[in-house]
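Student: Hi! Could you walk me through this model, starting with the overall fold?
Tutor: Happy to, here it is.
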Amino acid sequence: MNKRNHPSRQRRERLGKEGHRGHHEMKMDDSVYQLRRQVIRIIYKVNDLMADHGLDALPRIQVRIVDGGCGTAGFARMGRNAVWIPKSTIGKDYLYRVVLHELLHAVLAIEHDLNCKLMHTHIQPDLTDAEATRIFLRYFGAEVDDRVEDITEHLSHTGPNPSYV
């Protein structure tokens, strides 16, 4: 195997212990699994919305729950299909918007844009879930008008999609 393709053992150990910006991945147990499921349910909703707009589904996304660190609402590996959501973000009213933001980083490698409410570096309090969804779908090239009916129907679905259970 080529050594350049794999981080050194010391680097893997350091990243495993320290994490990104002081965050630490939480070991999987029933409580962490339930937190992770909340994020995965959002990804399922997004996949349903994308299908409704004639778009391909998202690739498989690695979802990790982290603890500790600074006040980051979430982070992603640019273009690498991996997101980390702090335990403190789960259950907040902005979780859906944070997941959309991190998915754009993880899937399309979209950088922060201070002129975009969804891709701004800080959570925008005047951004609604429906507006965030429209912006998200437009990044993927969907033709989305400003009607809210079709989007809010998906957002109101709270349980897991039966087709994924």
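Tutor: From the N terminus on, the elements run α-β-α-β-β-β-α-α-α. Helices (H or I, at least four residues) and strands (E, at least two) are DSSP runs, numbered from the N terminus. This is a predicted model: local features need pLDDT of at least 70, side-chain atom pairs count only at pLDDT 80 or more, and totals for chains, interfaces and linings use all residues. Residues are numbered from 1 along each chain as its sequence is written, and side-chain values use heavy atoms, with hydrogens and water left out.

Student: What is the strand order in the sheet?
Tutor: The order is β1-β2-β4-β3 in an open sheet of four strands, with mixed pairing. Two strands pair if DSSP finds at least two bridges between them. β1 (24–25) and β3 (75–77) stand at the edges with a single partner strand each, so one side of each is left without a neighbour in the sheet.

Student: How many bridges join β3 and β4, and in which sense do they pair?
Tutor: Three bridges, in the antiparallel sense; β4 covers residues 82–86. W84 in β4 is the bridge partner of F75.

Student: And which strands does α2 touch?
Tutor: Helix α2 (residues 30–52) packs on the sheet and touches β2 (62–67) and β4, its direction making about 135° with that of β2. Contact means heavy atoms within 4.5 Å. Axes are lines fitted to C-alpha atoms, for helices over the stretch in contact, and angles run from 0 to 180 degrees between N-to-C directions.

Student: Where does α3 lie?
Tutor: α3 (residues 95–108) lies across β3 and β4, at about 150° to β4. α3 also packs with α4 at an angle of about 10°, their axes 9 Å apart. That makes α3 roughly parallel to α4, a label for angles under 35 degrees.

Student: Which residues meet there?
Tutor: From α3, Y96, R97, L100, L103, L104 and L108 meet D129, A132, T133, F136 and Y139 of α4. They divide into eight nonpolar, one polar and two charged. Ala, Val, Leu, Ile, Met, Phe, Trp, Tyr, Cys and Pro count as nonpolar, Asp, Glu, Lys and Arg as charged, and the others, Gly among them, as polar.

Student: Switching topic, which residues of α4 are buried?
Tutor: In α4 (residues 129–139), those are A130, A132, T133, R134, I135, F136 and L137. Buried means under 20% relative accessible area with a 1.4 Å probe, protein chains only. Just after α4, G141 takes a positive phi of about 90°.

Student: What share of the whole chain is buried?
Tutor: Buried residues make up 41% of the 165 residues.

Methods
Buried < 20%, exposed > 50% of the residue type's maximum accessible area, 1.4 Å probe, protein only. Parallel < 35°, antiparallel > 145°, perpendicular 65-115°, else oblique.
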